[in-house]
Amino acid sequence: MFNVEMYTGNREENYELAKKQLHALIHDEKNQIANLSNASALLNQFLDRINWVGFYLMDTNGELVLGPFQGLPACIRIPVGKGVCGTAALKQETIRVEDVHQFPGHIACDAASQSEIVIPLVKDGQLIGVLDIDSPETNRFDELDQQKLEEFTAVLIEHL
């Protein structure tokens with residue numbers, strides 16, 4: 001049984017620990033849903049000041065569809081190019097939004113969300129989906145969060 005231990009060091013050390021724990025959780029598992037489920041649970045345990053963390057996965061019809069997540073029920077389908085998730089998917093680049101109410105076309109699945117970060121999951125040049133994290137605080141995510149979450153998803157993508 002894997003035990004998630006929280007480290008009380010600095011943020012960078014905490015992210016490094018989260019990456020190690022992710023690798024330990026998924027290193028010999030090939031099931032995508034199981035790995036995404038554990039990744040969302042780990043981030044939910046690890047990150048503070050968030051209210052939603054999960055994945056949207058590319059569907060055969062070219063839309064993002066809700067995947068494993070932690071938090072309140074969420075929007076099920078997001079067209080590519082719409083909202084923060086759809087824009088990150090279209091551009092295949094991370095998008096950090098300090099205030100979601102200022103983002104053109106923001107899709108409000110949870111009225112409590114104030115800021116958001118979305119990291120695309122790209123493997124072998126193909127978009128698999130996105131990691132979406134919301135916070136009830138404005139300006140919750142900074143450059144360190146972006147860098148370390150991109151590293152976290154790189155570990156995850158190796159196992160998808």
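A: Happy to, starting with the largest pocket: its lining is made up of Arg11, Asn14, Tyr15, Phe46, Leu47, Asp48, Arg49, Arg140 and Asp145. This is a predicted model, so local features need pLDDT of at least 70 and side-chain atom pairs count only at pLDDT 80 or more, while totals for chains, interfaces and linings use all residues. Residues are numbered from 1 along each chain as its sequence is written, and side-chain values use heavy atoms, with hydrogens and water left out.

Q: What counts as a pocket, or a cavity for that matter?
A: On a 1 Å grid over the protein atoms alone, a cavity is a set of points where a 1.4 Å probe fits but cannot get out, and a pocket is an open set with protein on both sides within 12 Å along at least five of seven lines; lining residues have an atom within 4 Å of a point.

Q: How much space lies in the largest pocket?
A: About 150 Å³, where a volume is the space filled by probe spheres set on the points, and grid points are joined across faces, edges and corners.

Q: Which helix gives the largest share of that pocket's lining?
A: Helix H1, residues 11–26, with three residues. Helices (H or I, at least four residues) and strands (E, at least two) are DSSP runs, numbered from the N terminus.

Q: Asp145 was in that lining. Which helix has it among its buried residues?
A: H4, whose buried residues are Asp145, Gln146, Lys148, Leu149, Phe152, Thr153, Val155, Leu156 and Ile157. Buried means under 20% relative accessible area, exposed over 50%, and partly exposed in between (1.4 Å probe, protein chains only).

Q: What covers the buried residues of H4?
A: The cover includes H1, helix H2 (32–46) and strands S1 (52–58), S4 (95–97), S5 (115–123) and S6 (126–135). Here contact means heavy atoms within 4.5 Å.

Q: What caps the N-terminal end of H4?
A: Asp142 does, with a side-chain oxygen 3.1 Å from the backbone nitrogen of Leu144.

Q: Switching to Leu43, where does it lie, and is it buried or exposed?
A: Leu43 lies in helix H2 and counts as buried because its relative accessibility is 1%. Leaving out residues up to four places away in sequence, Leu43 touches Ile50, Val53, Leu131, Ile133, Leu149 and Phe152.

Q: And H3, how many of its residues are buried?
A: Seven of nine, in a helix that runs over residues 83–91 and is mostly covered. Gly83, Val84, Cys85, Gly86, Thr87, Ala88 and Ala89 are the buried ones.

Q: What follows H3?
A: Gln92, whose phi is positive, near 50 degrees. Gln92 sits in the loop between H3 and S4, and counts as partly exposed because its relative accessibility is 38%.

Q: What about Asp124, buried or exposed?
A: Exposed, because its relative accessibility is 76%. Asp124 lies in the loop between S5 and S6 and has a positive phi of about 55 degrees, although it is not a glycine.

Terms used:
A polar contact is a pair of N or O atoms within 3.5 Å; within protein, one must be able to donate a hydrogen and the other to accept it, and residues adjacent in sequence count only if both atoms are side-chain atoms.
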